[in-house]
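Hi,

Here is the structure I promised to pass on.

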Amino acid sequence: CSELCKDNHRRREGKLLFILGLALQVALNPACDVAGYALAPASVIAPVTGMDIVWNTVIAPCSLGEQLTPRRLSSSAIIFLTATASVFFRQINEVTWTASYVTHVLLQSRTMLYALCFIAWFMLNSCVFMKYPKGSAIRGFSLGATAGTLAGNMWCTKIVAVLAEQCFSGNCEAWSHWVAWLMLVGAIFFSTSNLYYISRGMQQYEALFMVTVYMGS
């Protein structure tokens, strides 16, 4: 909407809408995430976020005048269905998150491997795919996928939410350990760093394309 206002020479209104959108994404969205992850397993909460693509598919053609083609509709449907189906593969036995257990998980070899793969993926997008000219489908995919993979790292948010809930219940022992504050920094980083890429993508590409790639990542 902010870009439409700029195109129609209503720059002030466009800037206000842009700031409002970022404020909701920075403040309201993380607050709701923390509350949700404190009360339910991450594997249950994550599929609910698939509703974003449903609302985008319904609203974007009306508010932004974008064309909902059969290919876009089928792509959105596939991503929504697979995100929803992920709840059936959730971990059956919920673990008790403590500072010592978080440290144990972080030092596992598979965690290290995941971190290396994530860094390699991020560098590939930043140094190669995003260098494509504006309007390129590869560049658009890279912006949306990078934003989606950053925002999708909700494990930090889950841990922070659980440790915060424990503290509110009277057990703040975990917050005397460095790993709890590291998780807090990670949660803030992942929830905010994706905004740069998704905002660039939304300014240069259609919402139906960008949100689908973002959610699919």
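Tyr197 counts as buried, at 11% relative accessibility (buried means under 20% relative accessible area, exposed over 50%, partly exposed in between, with a 1.4 Å probe and protein chains only). Phe122 counts as partly exposed, at 24%.

Before you read on: this is a predicted model, where local features need pLDDT of at least 70, side-chain atom pairs count only at pLDDT 80 or more, and totals for chains, interfaces and linings use all residues. Residues are numbered from 1 along each chain as its sequence is written, and side-chain values use heavy atoms, with hydrogens and water left out.

Searching the whole structure turns up nine aromatic pairs (rings of Phe, Tyr and Trp, the last by its six-membered ring, with centres within 6.5 Å; planes under 30 degrees apart are stacked, over 60 edge-to-face, the rest tilted). Phe122 and Tyr197 are edge-to-face, because their ring centres are 6.0 Å apart and their planes at 90°. That pair links distant parts of the chain, 75 residues apart: Phe122 sits in helix H7 (residues 109-127) and Tyr197 in helix H10 (residues 178-204). (Helices are DSSP runs of H or I, at least four residues, numbered from the N terminus.)

Phe189 and Phe190 also pair edge-to-face, at 5.3 Å centre to centre and 65° between the planes. Phe189 is partly exposed at 44%, while Phe190 is buried at 11%.

Cheers

Key. Helix = DSSP H or I, 4+ residues; strand = E, 2+ residues; numbered from the N terminus.
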